[in-house]
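Let's take a walk through this model together. Have the sequence at hand, and turn the view as we go.

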Amino acid sequence: MATQSNNPLNPKQNPKKPKFSMNWFYFIVMAVLLGAYMFGGEKTTESSASKTATYTEFQTYVKKGYVQEIKINNVEHEIELYIKPDHIREIFKQPAKQTGKMPYLVVQYGSADKVESFIEEQRKAKTFLGPISYDNKQHSEWWDILISFGPILLLVLFWVFMFRGVGGGGGMGGGIFGVGKSKAKVYEKGEGTAVTFKDVAGQEGAKQEVQEIVEFLKNPNKFTELGGKIPKGALLVGPPGTGKTLLAKAVAGEAGVPFLSLSGSDFVEMFVGVGASRVRDLFRQAKEKSPCIIFIDEIDAVGRSRSKNPNMGGNDERENTLNALLTEMDGFGTNSGVIVLAATNRADMLDSALLRAGRFDRQINVDLPNLNERKAIFGVHLKPLKLDESVDSTYLARQTPGFSGADIANVCNEAALIAARNNHEKVVAQDFLDAVDRIIGGLEKKTKVMTNAEKRTIALHEAGHATISWFLEFANPLVKVSIVPRGRALGAAWYMPEERQITTKEAMLDEMCSLLGGRAAEELFVGQISSGAMNDLERSTKQAYSMIAYMGMGDKLPNLCYYNNYEYQFSKPYSESTAKLIDEEVLKMVNEQYARAKQVLMEHKEGHNQLADVLMEREVIMAEDVEKIFGPRPFVSRSQEIMAAEEEARKAEEEEEARRKEIAEKMAAERFPDVKPEEDPS
């Protein structure tokens with residue numbers, strides 16, 4: 001068997017020697033001082049010797065006149081007898097030079113009254129005429145040590161705490177001199193995270209741009225031979241949960257260069273100037289390890305736009321930190337070989353100087369995944385689960401429109417928990433649907449007690465939403481309707497939102513009309529309106545205000561946008577008369593759609609009542625049940641158009657593949673006329 005050679009670079013054969021720490025030095029000094037106090041040296045002539053004696057000896061020495069002073073401690077029941085110099089050698093068996101000038105005996109006594117009466121008798125007999133004193137304090141050797149050395153010990157501990165960061169390596173130094181050090185977590189070459197680009201599903205465009213950054217560092221000559229320069233920074237922008245940090249982890253796992261990771265909040269500290277100091281220390285480390293990558297997560301915590309008026313809303317410490325970051329990324333000095341990767345979901349709040357080319361050369365949009373990307377993400381998160389054959393990732397992707405990658409991971413985990421709770425041997429498709437329902441609407445509350453009248457009102461309300469969305473062209477297709485309470489909602493209707501790139505005014509009005517269908521159904525068929533439509537009214541009102549004030553879709557205020565940029569120092573970028581006009585336009589739009597909703601419900605009154613009856617009976621109905629009552633939906637949804645287009649593309653691809661195969665077989669037959677098709681031409 002081969003043995004390993006004695007390689008000095010092999011860390012297993014040459015383990016690292018322990019580093020010297022100043023804490024050990026402080027500990028040794030304290031131990032020496034304490035030992036010198038407790039066990040050091042012989043008693044000098046200035047100190048006084050002592051020894052214990054019995055109560056009988058105490059009486060004898062007093063009667064003989066050997067005692068010159070008595071101290072009584074009533075707390076510890078002790079008597080200290082100070083012997084006259086003429087009798088020291090007789091009692092202590094040592095000369096006065098060794099015992100000291102005031103040697104004493106320690107005597108334990110039982111009754112203080114007997115001691116005092118005995119001493120009084122000896123005074124009358126004139127055998128003891130010395131002073132008597134009382135000491136009622138409790139003596140403790142350790143307490144005396146603590147009193148003597150306590151202040152010194154506190155000073156030493158404070159000194160250690162304040163200066164323990166001095167001489168420490170890296171950016172994690174503590175103490176008062178380590179406050180300005182960077183808190184970045186360093187992944188050295190070959191020690192990256194376990195995440196790779198294979199673990200990042202979907203987001204192919206963003207992943208390709210990030211892969212290019214890794215390629216820049218691995219093979220820079222490929223790009224610099226033609227005169228190009230390596231980009232200095234890339235900003236990942238997108239909603240929460242779309243995978244920005246996951247992409248950064250994949251870069252750390254794939255880069256093969258040092259990777260420094262930290263959060264934007266790590267620059268913020270209560271001390272003035274600490275943020276800027278940490279920025280400088282971060283880039284100092286990066287330059288020492290060049291080429292390397294710096295990843296700043298949630299950069300909006302430090303890169304927020306600077307105030308135009310320093311006296312109003314400005315934060316000098318945060319702005320100084322941002323100025324330091326701007327200078328380090330592209331200032332007077334060179335910063336070659338360092339790429340800054342940052343992530344945020346609030347790019348509109350970042351300072352324009354930070355976003356310019358030369359600092360962040362690229363802005364990589366990490367958007368919510370589309371249908372195919374959701375299918376790929378499901379493929380990643382379904383791998384560790386024990387699945388039933390009924391689970392189809394394409395079907396699950398269609399049931400989760402608008403879900404981010406984090407939401408999909410949560411759906412898969414929740415489905416596994418639901419399957420385990422229901423004692424399933426495998427995770428079935430219904431477990432995933434239940435997980436989606438729970439995430440969107442909350443946990444079912446079947447124990448909530450409702451009267452028949454309340455249940456009927458909720459059924460009519462939800463049937464109103466379903467009826468109107470079924471007959472409006474641009475309303476989202478219905479998936480199912482439920483009157484089982486979930487979370488704070490007493491009922492809910494699930495739709496499959498259309499994944500449109502742009503939204504028209506007609507589509508927004510249809511959506512608003514379907515939102516108002518529940519309140520309209522209550523007014524028409526119950527005769528009373530309830531508080532159950534509060535969320536519908538809130539959403540429809542916000543939608544109307546955004547259409548009028550931001551999108552320029554009003555009749556009296558067309559083609560005007562009153563978007564209030566956060567940099568402005570006033571609350572409304574329009575006059576009071578315009579605000580009144582906006583309110584009138586919003587009220588008119590909402591009332592028109594409410595009247596339209598009542599009209600649609602009256603046209604399909606019988607079907608609506610049947611739908612409410614089925615809901616009362618079964619509590620949950622699907623789109624197929626609605627189709628049995630109203631017939632097929634009169635409009636083809638965009639998702640159906642996409643499915644039809646995908647089916648046509650698939651058929652076209654199969655036909656093209658068959659045509660290519662036929663051409664290849666024909667060419668092979670012409671080239672090898674004697675070879676039969678079953679035989680191998682080779």
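Predicted model: local features only at pLDDT ≥ 70, side-chain atom pairs only at ≥ 80, totals over all residues.

**A sheet and its neighbours**

Strand 12 covers residues 478–482, and three bridges join strand 12 to strand 14, with the two running antiparallel.

Which order do the strands of this open sheet follow? The order is 13-12-14, three strands in all, with antiparallel pairing. Strand 13 (492–495) and strand 14 (620–622) are the edge strands, each pairing on one side only. From one strand to the next, the twist averages 15°. As a reminder, the strands of a sheet pair through backbone hydrogen bonds, which can be parallel or antiparallel.

Next, bring in the helices. Helix 23, made of residues 605–618, lies across strand 12 and strand 14, and its direction is at about 125° to strand 14. Helix 24, residues 623–630, also lies across strand 12 and strand 14. The angle between helix 24 and strand 14 is about 75°.

Finally, a look at cysteines. How many disulfides does the structure hold? The count is zero. For context, a disulfide is a covalent bond between the sulfur atoms of two cysteines. Are C292 and C513 buried or exposed? C292 has a relative accessible area of 0%, so C292 is buried, because the cut-off for buried is under 20%. C513 counts as buried too, because its relative accessibility is likewise 0%.

Methods. Residues numbered from 1 in each chain as written. Heavy atoms only, no water. Disulfide = S-S within 2.5 Å. Buried < 20%, exposed > 50% of the residue type's maximum accessible area, 1.4 Å probe, protein only. Pairing = 2+ DSSP bridges. Helix = DSSP H or I, 4+ residues; strand = E, 2+ residues; numbered from the N terminus. Axes fitted to C-alpha atoms, helices over the stretch in contact; angles between N-to-C directions. Contact = heavy atoms within 4.5 Å.
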